[in-house]
Amino acid sequence: MIKIMIKNKYLILRRLTQISIIVLYFGANAWGWNILVGNLSSSLIAGIIPMSDPFAVLQMFTAGAIITVDLFIGALVVLFFYGIVGGRAFCSWVCPINIVTDASAYVRNKFGFNKIQKKQPASRNIRYWVLIMSLAISFIMGITAFEFISPISMVHRGIIFGLGFGFSAVMIIFLFDLFVLKNGWCGHVCPLGGFYSLVGKYSLIRINHEEEKCTLCMKCKDVCPENQVLHMIGKSSEQVLSGECTNCARCIEVCDDDALNFSLRDLIARKKEK
Amino acid sequence: MNSTEQKQKEIVMTEEPINERRTFFLTIARAAGLAALGGLIWSAYVDEVTSNRLILRPPGALPEIDFLKTCIKCGMCVEACPFDTLKLASPGDNKPIGTPYFIPRDIPCYMCEDIPCVPVCPSGALDITKVSTNQKLDINKAEMGVAVVDSKNCIAFWGIQCDACYRACPLMDVAIKLDYSKNERTGKHALIKPVVDSDACTGCGLCERACVTEKASIIVLPREMVLGKSGDHYVKGWDETDEVKLETAKAEITSTKLSEKSVENSLNDSGDLLND
């Protein structure tokens, strides 16, 4: 048991962060805790540090709203963290929908759907088009378009303030990922994931692959929700530099050969190569 | 054999580039189709949900159109409200999802003097300047809505004595006044009718909450929904402050076929009438 837990330490840590963030928000609403107030759209840490969803702020800006200083600083704090440090870590360490889609991917794998439907019929670039579309609709209709339909906001807000029909959004995403498209929502459609892919492109924390240790079992590619980022597996020793990597660390956990690990972006070595 | 094989090869070679081009155009068309479909459903939904104009917002809220683009849906106002008046719209409420609102018949706004819901707003969707006078918070300036009396179902208009709304009003005798008149039916009693002064009414909804009829006969509605606008044409000549209108008023000259000539000429001109 302990062995399994150590083996999956990142997964457990991720679930702990995801759930404790929600619990802290919930506690703020229900019992007046002052650790993390608000929700993932905008919040205050300990009543001092503002955080706001930079994508929501961007939509507000395109919609023509006046951005207040609080919101601007809050968005910068978040952009700074993911842009410099964490990469696309929001998706796998914070976002509550990640729990749903991971569950779906797990069931899909267990039932062997992946073997039946090997080729994915959709492009992973859809998310960037949805991103552009949400900004376009925001601009034309003068509202924050994605925030009106975002299942992410629906769910985290729902857990804190009351879910309503938000539960159906969770079900739809679960079934979509299970039967229609592998990693459909997080890996293909979600514009917030696309946004953070762009933001986290140059972040410091990167997965590193050591080719000499790799035995080509391809477990990492099976488990990775964005397996196009692992194109170097068994081919060359390099870091996973695609912004679409969510730093979820599942590849590190499933690798029995220690060929994958967290590392800091190798700024100097890359310059030498060039 | 050989020749047929060659023919097949030729066919394959000639067909291949066409196929590639076809798939290219097909992908483009598919993408465009999907984008159009998605965009249409998306904007139709947004249009539908934002067309609900019967939503009461927290004090200090910007006009609905600006409010919808500015509110980031963080729920801090909801958390700040000590009476659980404010709620965040959840899917299925038929309101823009995640925006704060309240239903006065359930829980009205109790008009806290320190207005905890407004200063916490990070986005400025709840504007502190709209609820303060001389930089001091003043909840009486709030314009959440305006109370409207249904004079057919309000029992005070029947002649039954009831001043529940009048007494519940935090601005008693200012926002709701009592209007005394003769009860013509009995000939010897008085009608004591509640009358709302829309200039003073904040729309807190305490009256709607207090109303004794089965369904409230005094209800709060958003101000834009209820209040009219007299425009520049009508000026209260007896009110100096109203004459300010004249400074910004623009004369609009409409010209029709008749007004091209002077009034006299226009009246004297029989035009085509004689020809008929």
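Which helix gives the largest share of the lining of the largest pocket? The legends below take up this question and others about a predicted model.

View 1. The volume is the space filled by probe spheres set on the points, which are joined across faces, edges and corners. Among the 38 lining residues, A:Ile126, A:Val130, A:Met133, A:Val189 and B:Gly38 lie nearest the centre.

**View 2. Helices around the largest pocket.** H1(B) gives the largest share of the lining, twelve residues (helices are DSSP runs of H or I, at least four residues, numbered from the N terminus). Elements giving two or more residues include helix H8 (126–141) and helix H12 (184–189) of chain A, and helix H1 (2–50) of chain B. By class, the lining has 31 nonpolar, six polar and one charged residues (Ala, Val, Leu, Ile, Met, Phe, Trp, Tyr, Cys and Pro count as nonpolar, Asp, Glu, Lys and Arg as charged, the others as polar).

**View 3. The second largest pocket.** This pocket holds about 550 Å³ of space. Of its 19 lining residues, A:Ala105, A:Tyr106, A:Asn109, A:Val223 and A:Arg250 are closest to the centre. H6(A) supplies six residues, the largest share. The lining divides into eight nonpolar, three polar and eight charged residues.

Residues are numbered from 1 along each chain as its sequence is written, and chains are lettered from A in the order in which they are written. Local features need pLDDT of at least 70, whereas totals for linings use all residues.

Note on methods. This is a predicted model: local features need pLDDT of at least 70, side-chain atom pairs count only at pLDDT 80 or more; totals for chains, interfaces and linings use all residues. Side-chain values use heavy atoms; hydrogens and water are left out. On a 1 Å grid over the protein atoms alone, a cavity is a set of points where a 1.4 Å probe fits but cannot get out, and a pocket is an open set with protein on both sides within 12 Å along at least five of seven lines; lining residues have an atom within 4 Å of a point.
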